[in-house]
Amino acid sequence: MLRKLQVIQLLLFVFLLSACTSSLQDKQQDVKELLESSVTAESEKPNKETDDIRFYLPFAMKMNESDANNILVTKGDQIFILFINKNEKEDSRVVYESMLKEANSYRASAKIKNIPLSEALEN
């Protein structure tokens with residue numbers, strides 16, 4: 001009898017614990033909404049300027065060098081390159097959409113090979 005009571009308590013605990021967690025689909029939807037809101041959010045006012053463009057550089061990032069097509073930016077030990085394409089409009093989504101297409105390709109490749117996405121992105 002005591003054993004049955006322990007099993008029931010354990011099942012009840014597991015049920016309550018699983019009811020308190022959100023599903024993977026919920027988390028994916030949250031991330032998608034966050035990404036969409038950050039992409040469509042109101043632009044920050046420019047705080048840096050080169051000969052060709054003005055742009056917003058977030059706190060803790062530093063502009064190192066620039067030329068007509070690239071701006072090198074650092075944050076700690078990380079280096080970022082901002083590519084400037086003068087032939088694209090300000091609201092162009094060409095690069096954004098090509099990055100999404102490439103990311104989806106990596107995801108599909110990782111699923112086919114049955115490897116973690118992080119490993120597929122490293123290759």
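This report walks through the predicted model shown above, from its overall layout to its sheet, its core and a few single residues.

## About the model

The structure is a predicted model, in which local features need pLDDT of at least 70 and side-chain atom pairs count only at pLDDT 80 or more, while totals for chains, interfaces and linings use all residues. Residues are numbered from 1 along each chain as its sequence is written, and side-chain values use heavy atoms, with hydrogens and water left out.

A word on confidence comes next. pLDDT is the predictor's confidence in each residue, on a scale from 0 to 100. The protein chain has a mean pLDDT of 75, with 69% of its residues at 70 or more. Where pLDDT is low, the predicted coordinates should not be read in detail.

## Overall layout

The protein chain holds four helices and five strands; these are DSSP runs numbered from the N terminus, with helices (H or I) of at least four residues and strands (E) of at least two. Along the sequence they follow the pattern α-α-β-β-β-β-β-α-α.

Of the 123 residues in the protein chain, 8% are buried. Buried here means under 20% relative accessible area, exposed means over 50%, and partly exposed lies in between (1.4 Å probe, protein chains only). The protein chain exposes about 11,400 Å², and carbon and sulfur atoms supply 56% of that area; accessible areas come from the Shrake-Rupley method with a 1.4 Å probe, and for residues only the protein chains shown count as cover. Among contacts in the protein chain with a separation of 6 or more, 8% join residues 24 or more positions apart; a contact means heavy atoms within 4.5 Å.

## The three-stranded sheet

Three strands form an open, antiparallel sheet in the order β3-β4-β5. Its edge strands are β3 and β5, each of which pairs on one side only. Neighbouring strands in this sheet are turned by 25° against each other on average, direction ignored. That angle rests on axes, which are lines fitted to C-alpha atoms (for helices over the stretch in contact), with angles running from 0 to 180 degrees between N-to-C directions. Two strands count as paired if DSSP finds at least two bridges between them.

Strand β3 (residues 62-66) pairs with β4 over four bridges in the antiparallel sense, and a hairpin joins these strands through three residues. Met63 has Val73 of β4 as its bridge partner, and Ser66 has Ile71. On to the next pair: β4 and strand β5 (residues 78-83) are antiparallel over six bridges. Here Thr74 is bridged to Ile79 of β5, while Ile71 stands opposite Leu82. The hairpin of β4 and β5 has two residues between the strands, and Gly76 takes a positive phi near 65° there.

## The nonpolar core

The largest nonpolar core has six residues: Phe55, Leu57, Met61, Ile71, Val73 and Ile84. Such a core is a set of buried Ala, Val, Leu, Ile, Met, Phe, Trp, Tyr and Cys residues joined through side-chain atoms within 4.5 Å. In soluble globular proteins, nonpolar side chains tend to be buried together.

Leu57 is found in the loop between β2 and β3 and counts as buried because its relative accessibility is 7%. Leaving out residues up to four places away in sequence, Leu57 touches Asn47, Lys48, Lys62, Met63 and Val73. With the same exclusion of residues up to four places away, Met61 touches Val73, Thr74, Lys75 and Phe80.

## Two loop residues

Thr50 lies in the loop between β1 (48-49) and β2 (54-55). Its relative accessibility is 13%, so Thr50 counts as buried. Not counting residues up to four places away in sequence, Thr50 touches Phe55, Met63, Ser66 and Ile71.

Lys45 is found in the loop between α2 (24-40) and β1, and counts as exposed because its relative accessibility is 70%. Its C-alpha atom is separated by 7.5 Å from that of Phe55, ten residues apart along the chain. Leu57 is twelve residues apart from Lys45 in sequence and 9.4 Å apart in space, C-alpha to C-alpha.
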